[in-house]
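Hi,

Here is the structure I promised to pass on. Have a look at it first, and my notes follow below.

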Amino acid sequence: MVVASSNPIGSEKLELPVIDLSGSREKVAELIVKACQEYGFFKVINHGVSEDVIRKMEEESFNFFAKPASEKKRAGPAKPFGYGCKNIGFNGDMGEVEYLLFNTKPLSISQISETISNDPTKFSSAVTGYIEAVTNLACEVLDLMAEGLWVHDTSVFSSLITHLDSDSFFRLNHYPPPLLLDTHSSSSSSASSSPSFQIHHQPNPSYIGFGEHSDPQILTILRSNDVGGLQIRLADGLWVPVPPDPTTFCVNVGDLLQVMTNGRFVSVRHRAITNSVKPRMSMAYFGGPPLHGLITSLPEVVTPETPSLYRPFTWSEYKETAYTLRLGDTRLNLFKASPDLDPPHPHNS
């Protein structure tokens, strides 16, 4: 098992941003930009995703992960799509997690559902319905980001994930209590307001479900059940637990968005810790551009005083590089325009 490290820090009260999307559009855009600059992370309420869509997806997810290991393995191994257990990526990273990874194209979902569910049509319908809803949410959030940055083309971000060739992913993560996952594994071889939270001086060691990383895509829309485990890392290295709230969606800034905003937005580093008693379920949509999409800093955020921090590259090039690295490696350093250039540090401490 991988154990999370603790940080010798003092206790303090903090609040992570929770943004009401039903508010004044100009104000919402302003709050989103502020959250992306300070944390690379925020929660949204009044998001427009129906409870029925969420319920169907969660129900299908728990039904799959409750199956015996031998049945779940029919949907794997993940290369990269399908069922995976403990192995994360291709370079030796491990975690106390089992997951299903999908391409977001309906035909791909329909085909893989045959190996996942006894009722593949129902499962496929739940997945495609959920992806459609969170894609719409992602587009709304991305357009608000562009408006808040005063970008001329406010669809500059969202058009990348709605492109016919968009390379977006969807992942269902199941974090059973570690002993339960070990038992399953061994048996198969012989699971509206801004909340305050406490940063503890030395948190008790916990098992890592999904290790420290940033998301390489543009942004991530994440929802989890009522079990905690998500943590984000602040600029000064402190780990902050995100209180669980099934009525909200979490938004993570990804690496590509950091590049396109020339470092104004920060790609948040985060991890998932397992709960010793209850299983945690999370559903993550990763909005990605086409493989041939050129990623470069927008002209509105490049000035003589703030030159472009990163060289232009395609998503295919960045993705291939990411696949050669470990989960926790900082990929963006390999794409700097100059080794001496660094993004501004967010003021979140």
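Let me start with a helix pair: the crossing of α2 and α5 is left-handed, meaning that the near helix is turned anticlockwise from the far one by less than a right angle (clockwise would be right-handed). Before going further, please note that this is a predicted model, in which local features need pLDDT of at least 70 and side-chain atom pairs count only at pLDDT 80 or more, while totals for chains, interfaces and linings use all residues. Residues are numbered from 1 along each chain as its sequence is written, and side-chain values use heavy atoms, with hydrogens and water left out. Helices (H or I, at least four residues) and strands (E, at least two) are DSSP runs, numbered from the N terminus.

**The α2 and α5 pair**

The axes of these two helices come within 9 Å and cross at roughly 135°. Axes here are lines fitted to C-alpha atoms, for helices over the stretch in contact, with angles running from 0 to 180 degrees between N-to-C directions. That angle makes α2 oblique to α5 (under 35 degrees is roughly parallel, over 145 roughly antiparallel, 65 to 115 roughly perpendicular, and the rest oblique). On the α2 side, the contact (heavy atoms within 4.5 Å) is made by V53, I54, K56, M57, E59 and E60, and on the α5 side by K122, F123, A126, V127, G129, Y130 and A133. These residues divide into eight nonpolar, one polar and four charged; Ala, Val, Leu, Ile, Met, Phe, Trp, Tyr, Cys and Pro count as nonpolar, Asp, Glu, Lys and Arg as charged, and the others, Gly among them, as polar.

**Helix α4**

In α4 (residues 106-113), I109, I112 and S113 are buried, that is, under 20% relative accessible area, where exposed is over 50% and partly exposed lies in between (1.4 Å probe, protein chains only). The three cover an arc of only 105° around the axis, so they sit on the same side of α4; the arc is that of the directions from the helix axis to the C-beta atoms. L107 and Q111 are exposed on the other side of α4.

**Backbone points to check**

Which residues have a positive phi although they are not glycine? N46 is one, at about 50°, in the loop between β3 (41-45) and α2 (51-65). N46 is exposed, at 52% relative accessibility. W150 has a phi of about 60° and lies in the loop between α5 (120-148) and α6 (158-162); its relative accessible area of 71% makes W150 exposed.

**Two buried loop residues**

Q217 lies in the loop between β8 (208-213) and β9 (219-224) and is buried, with a relative accessible area of 5%. Leaving aside neighbours within four places in sequence, Q217 is in contact with F169, G254, D255, L256, L257, F286, G287, G288 and W315.

V242, in the loop between β11 (239-241) and β12 (249-253), is buried at 6% relative accessibility.

Best wishes
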